[in-house]
2 protein chains.
Amino acid sequence: MSTTSRPAARVGRPRAQGPVDSALAPRDQVLAAAAELFTRNGYAATTTRAVAERAGMRQASMYHYFAGKEDVLATLLESTVEPSLAFAAALLAQQGADPAARLWALAARDAELLFGGLYNLGALYQLPEVRGERFAGFRAARAELKAAYGTLLALVATDGTDPALRTDLLFGLVEGGVAVAREQGGRTPHAVAGAVADAALRFAGCSPAQAEAARRGGERLV
Amino acid sequence: MSTTSRPAARVGRPRAQGPVDSALAPRDQVLAAAAELFTRNGYAATTTRAVAERAGMRQASMYHYFAGKEDVLATLLESTVEPSLAFAAALLAQQGADPAARLWALAARDAELLFGGLYNLGALYQLPEVRGERFAGFRAARAELKAAYGTLLALVATDGTDPALRTDLLFGLVEGGVAVAREQGGRTPHAVAGAVADAALRFAGCSPAQAEAARRGGERLV
């Protein structure tokens, strides 16, 4: 499985001192610094000045790339959703392919993106600030991604329960499963992604034999 | 299904002005005020003074009940886990009962507690502050609750995958499923709890017939 562009996942391990990876473009240095500080110290407790310093630039230079702290956070959050959303759109277009294999592939790719990031940006989803106007794009992209899960889920099977609630629980399995799995070290994104995607198929009501076939098909799609 | 004591779930709808429900004991007024402000404005952005004011008391009086803001948050977080943990201990002791029915009951009760609260305290689990010493009790209780899920899950079925990761994903299904389900209005705690518990059985690998029997058994245990 491959991951797609996510700036915060591209940097090396954070250093105790000095700016973040100087091999990054300045804009990505800001994103990497912010991802580290927002998740380590909290969003409200992090100043734009601290982000700029961590990124090794003046605050005024940072404003060349971002309108402010909110703009940086929104960009980071969008980066946790948009690659999966693009992948989902491609999967939905493959109308001849097995829906269960496509659901496996979507859950695996999405979980790998969420788990593979150096910082747990998913922990920032529920900040009260994310209800604000600047985050409308992020919220819309996340809702669209959830809707793609719902479309594939309904193609795999319906079970007589409320489709919207069923979709929410599947989406919660992916986001929440990754969040809990991140709390323990020593796991690879690949292993977690496969386990999450297998769980998604069980959730969808696939029998073990169906799930095994869908996994094999899904691995070719990821 | 019944819920057990959780202070923040006991208050009425928040009012635009004035202190929280004055029928509560002063300590519970502090908890209700803090739950509202922490989830609405953020933890870091909320001062102890604002909590005291919202609770209709002087800051000095608040310190009669709590050592500080951290103490209030820890108490709130513990209240989201401890009732489910006590219920889990009772279920684990019923060694003659069907493990799948017990797993259904645990997931249902836990989901109902998390969903039924007036404020989404689960959104505060991932705050960086929660890594601190004062939250060791909360973290231990949550880990113990997760372990109870793992025990019941292993009794229902094993599937050859890493039991710790499997347990994490089940726990993430409950916590994350409730979190996503809360984002949309018009749902009852009972409906969400039943759907989460049904999903837990599918996750555990129960066939539809097994799950149906376990649900009936589980409803008697909740």
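Predicted model: local features only at pLDDT ≥ 70, side-chain atom pairs only at ≥ 80, totals over all residues.
Begin by selecting residues 99-116 of chain A, which form helix H7, together with residues 208-221 of chain A, which form helix H11. The two axes approach within 7 Å and cross at roughly 60 degrees; H7(A) is therefore oblique to H11(A). Viewed as a pair, H7(A) and H11(A) make a right-handed crossing.

Next, display the side chains where these helices meet. From H7(A), select Ala100(A), Ala101(A), Arg102(A), Trp104(A), Ala105(A) and Ala108(A); facing them in H11(A) are Gln210(A), Ala214(A), Arg215(A), Gly217(A), Gly218(A) and Leu221(A). Coloured by class, the residues of this contact comprise seven nonpolar, three polar and two charged.

Now turn to the contact of chain A with chain B, to which each chain contributes 34 residues. On chain A, select helix H2 (26-41), helix H9 (163-182) and helix H10 (189-203), each of which supplies at least two residues of the side that touches chain B. H9(A) provides the largest share of that side, 13 residues. By class, the side of chain A that touches chain B consists of 18 nonpolar, 10 polar and six charged residues.

Finally, select Val196(A), Ala200(A), Val196(B) and Ala200(B), the residues with the most contacts inside the largest nonpolar core, which has 144 residues. Centre the view on Ala200(A). Beyond its neighbours within four places in sequence, Ala200(A) is in contact with Leu103(A), Trp104(A), Ala107(A), Leu170(A), Leu173(A) and Val174(A). Trp104(A), one of these partners, is also among the H7(A) residues that meet H11(A).

Key:
Residues numbered from 1 in each chain as written. Chains lettered and ligands numbered in written order. Axes fitted to C-alpha atoms, helices over the stretch in contact; angles between N-to-C directions. Helix = DSSP H or I, 4+ residues; strand = E, 2+ residues; numbered from the N terminus. Parallel < 35°, antiparallel > 145°, perpendicular 65-115°, else oblique. Left-handed = near helix turned anticlockwise from the far one by under 90°. Contact = placed C-beta atoms within 7 Å. Nonpolar A, V, L, I, M, F, W, Y, C, P; charged D, E, K, R; others polar. Core = buried A, V, L, I, M, F, W, Y, C linked by C-beta atoms within 7 Å. Buried ≥ 20, exposed ≤ 12 C-beta atoms within 10 Å, placed from the backbone.
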